[in-house]
Amino acid sequence: MFRLVVSVALILGILETTLAQGEGSESARFCEKNQSAGQLSCSGGKTLYIYNAFAGAKRTVDGCNTKSNSFCWEAVTEDIKDVCEGESSCSFYTDGEEYDAVNADWQCSSLSGNYYIEVSYSCV
């Protein structure tokens with residue numbers, strides 16, 4: 001019995017460490033110009049675990065940020081976690097102006113229509 005408890009504790013510890021480090025995570029980018037909502041989903045009964053999420057534009061990517069001299073990159077992890085974490089699928093805004101952190105950054109004000117969202121996640 002003692003070995004079983006220790007083994008389970010070790011496995012859970014390894015799983016927590018792996019999740020905390022983001023190993024095995026996927027990254028997805030959603031461009032406001034191409035779609036008004038980003039969508040994530042997991043199959044096989046798995047649910048979403050969100051490591052981090054950022055909104056804004058830090059470079060020109062796939063035609064998303066056509067104002068390449070602008071830099072705006074704000075963490076919106078909690079916002080995305082609120083709608084996605086623990087769900088098998090979710091959708092969220094790609095418009096950076098929907099997020100308080102982006103609105104609070106004066107450098108983001110010139111990016112209207114040029115935002116993108118990047119999310120790092122896993123299906124667990």
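This is a predicted model: local features need pLDDT of at least 70, side-chain atom pairs count only at pLDDT 80 or more; totals for chains, interfaces and linings use all residues.
Let me start with S109, which is found in the loop between α3 and β6, where helices (H or I, at least four residues) and strands (E, at least two) are DSSP runs numbered from the N terminus. S109 is exposed, with a relative accessible area of 58%; here exposed means over 50% relative accessible area, buried means under 20%, and partly exposed is what falls in between, with a 1.4 Å probe and protein chains only. The C-alpha atoms of S109 and C72 are separated by 8.8 Å, although these two residues are 37 residues apart along the chain.

Residues are numbered from 1 along each chain as its sequence is written, and side-chain values use heavy atoms, with hydrogens and water left out.

As for the chain as a whole, its secondary structure comes to three helices and six strands, and from the N terminus on the elements run α-β-β-β-β-α-β-α-β. Of the 124 residues in the chain, 36% are buried. The chain exposes about 7300 Å², of which carbon and sulfur atoms supply 50%, the areas coming from the Shrake-Rupley method with a 1.4 Å probe and, for residues, only the protein chains shown counting as cover. If we take contacts (heavy atoms within 4.5 Å) between residues at least 6 apart in sequence, 75% of them join residues at least 24 apart.

Next comes T94, in the loop between β5 (89-93) and α3 (100-103). Is T94 buried or exposed? At 0% relative accessibility, T94 counts as buried. Leaving aside residues up to four places away in sequence, T94 touches F30, C31, E32, Q35, S36, A37, G38, Y115 and I117.

One of those partners, Q35, has its place in the loop between β1 (26-31) and β2 (37-41), and Q35 is partly exposed, with a relative accessible area of 33%. With residues up to four places away in sequence again not counted, Q35 touches F30 and T94. Q35 and Y93 are 58 residues apart in sequence, and their C-alpha atoms are 9.0 Å apart in space.

Now to the charges. How many salt bridges does the count come to? Taking a salt bridge as a side-chain nitrogen of Lys or Arg within 4 Å of a carboxyl oxygen of Asp or Glu, the count comes to one. R29 forms a salt bridge with E118, and the closest N and O atoms are 2.8 Å apart. R29 lies in strand β1 and E118 in strand β6 (residues 116-123), so the pair ties together parts that are 89 residues apart in sequence. R29 is partly exposed, at a relative accessible area of 34%, whereas E118 counts as buried at 13% relative accessibility.

Finally, E78, D79, D82 and D100 gather in a patch of negative charge on the surface. Patches are made of residues with over 30% relative accessible area and no salt bridge, like charges being joined within 9 Å and nonpolar side chains (Val, Leu, Ile, Met, Phe, Trp, Tyr) within 5 Å. Asp and Glu count as negative and Lys and Arg as positive, with His and the chain ends not counted, and the place of a charge is taken as NZ of Lys, CZ of Arg, CG of Asp or CD of Glu. Helix α2 (residues 77-84) supplies the largest share of the negative patch, three residues. D82 lies in helix α2 and is exposed, with a relative accessible area of 65%.
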